[in-house]
Amino acid sequence: MATVLVTGGAGYIGSHTCVALMEAGWEVAVLDSLENSSSAAVDAVAKIVGRGLRLDVGDCRDESAVEKVITEVGPDAVLHFAGLKSVPDSVADPLRYYRHNLESTATLLGVMERNGVRRIVFSSSATVYGPPDELPVSETAPTRPANPYGWTKLMIEQMIADVVRSSSRWSASLLRYFNPVGAHPSGMIGEDPEGVPGNLMPYLLQVAVGRRAALPLYGTDYPTPDGTALRDYIHVMDLAEGHLAALQALESSAGQVHTYNLGTGRAASVREVIAAMREATGHPLPYEEFDRRPGDVSELWADPSRALSELGWSATRTLAEMCRDGWVWQSKNPQGYR
């Protein structure tokens, strides 16, 4: 079987993608610092799939750690999820984000080149677009991130594209995904952020399970139908399957860089998500209204048609399923992996 190295594979999206990869027949090795993730997620992946996967604990900025796993595993490709990912944290501490995310990717690419591993799928983000000129957003839209996190993603995209252009032996897919939510339907893996959640869905779930008193609702005066921000929410398992499709397509993409939006093409407001989560959990889910957060845009949703036409991939799961599966995870694991 072919082998793939998944950096950040113990994290939220990485662990779900490991399930999709292994169910499709790939052997998986994970490199993760466990700074904002848990080895319990890797153990749970093995239980879901019914076979094991390798976990190396290390930071992608540590060249010796990356070298060790790549030389020992000899992967056919790399899926790169590792990195810091909070928009508000990046606004508060931009230098930490630039140092961490850019250095880790540059180190990883250098070790890959040295060892002849030249296929990579990168976990990018729709934050590279910033405030959109028109909706839905296609891959040809202007890129002008509104926060440092988004800038690190765009800079890494450029870094990877330049490496591919330097040698026809490389190939890459840059996956700009929108708002991942939900969990594996087994409830064995899910989103478990350290500290106060920076995203809507995990915060709502922690309110539902009694860990937090109320959701802070940032911004009720956006130029949208109900005054709250509109986003394209995508089930994490749809997202995982998108990574698998992109990886498989790289086998015939030597010398090419592909960019894909992974989203549903539909938008839901914060209030709509709250209502859907109330329905899924049966809890009232109180919230407190606050001013808008710096760096947030009012509306953003995807045009995912390129992924459908070139990868044969589309998101199929509904907002109700996202909320249901997220609640199964949180209700089974009130304190997350701890």
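Start by selecting Asp56 and Lys68 and showing their side chains: they meet in a salt bridge, with 3.7 Å from N to O. Asp56 belongs to strand 3, residues 54-57, and Lys68 to helix 3, residues 63-73, so the bridge ties together parts that are 12 residues apart in sequence. Lys68, at 41% relative accessibility, is partly exposed. This is a predicted model, so keep that in mind at every stop.

Together with Asp56 and Lys68 they form one network, joined by salt bridges that share partners. The general idea is simple: side chains of opposite charge can pair when their charged atoms come close.

Stay on helix 3 and select Glu63, then Arg114. These two also form a salt bridge, and their closest N and O atoms are 2.9 Å apart. Glu63 sits in helix 3, while Arg114 sits in helix 5, residues 94-114, so this pair ties together parts that are 51 residues apart in sequence. Glu63 is partly exposed at 41% relative accessibility, and Arg114 is partly exposed at 49%.

For the next salt bridge, select Asp238 and Arg317, whose closest N and O atoms are 2.5 Å apart. The pair links distant parts of the chain, 79 residues apart: Asp238 is in helix 8, residues 236-249, and Arg317 is in the loop between helix 10 (305-311) and helix 11 (319-332). Are these two residues buried or exposed? Both Asp238 and Arg317 are buried. The count for the model comes to 23 salt bridges.

Next, select residues 200-208, which make up helix 7. How many of the 9 residues of this helix are buried? The number is 9 of the 9, so helix 7 is largely enclosed by the rest of the structure. Among the buried residues are Leu200, Met201, Tyr203 and Gln206. To see what covers them, show strand 7 (179-181), strand 8 (215-218), strand 10 (233-235), helix 9 (270-281) and helix 11, which are included in the cover. Then click on Gly210, which follows helix 7 and has a positive phi, near 95 degrees.

Move to Ser86, in the loop between strand 4 (77-80) and helix 4 (87-92). Ser86 has a relative accessible area of 18% and is buried. What does Ser86 contact, once its neighbours within four places in sequence are left aside? Show Tyr97 and Tyr149: Ser86 is in contact with both.

Finally, zoom out and colour the chain by secondary structure, which comes to 11 helices and 14 strands. The radius of gyration is 19 Å, close to the 20 Å that the globule rule gives for 338 residues, so the chain is as compact as a globular protein of that length. Along the principal axes, the C-alpha atoms fill a box of roughly 55 × 45 × 40 Å. Buried residues make up 56% of the 338 in the chain. Last, colour by charge: the mean positions of the 29 positive and 41 negative charges are 2 Å apart.

Methods: Residues numbered from 1 in each chain as written. Predicted model: local features only at pLDDT ≥ 70, side-chain atom pairs only at ≥ 80, totals over all residues. Heavy atoms only, no water. Helix = DSSP H or I, 4+ residues; strand = E, 2+ residues; numbered from the N terminus. Buried < 20%, exposed > 50% of the residue type's maximum accessible area, 1.4 Å probe, protein only. Contact = heavy atoms within 4.5 Å. Rg over C-alpha atoms; globule rule 2.2 N^0.38 Å. Lys, Arg positive; Asp, Glu negative; His and termini not counted. Charge placed at Lys NZ, Arg CZ, Asp CG, Glu CD. Salt bridge = Lys/Arg side-chain N within 4 Å of Asp/Glu carboxyl O.
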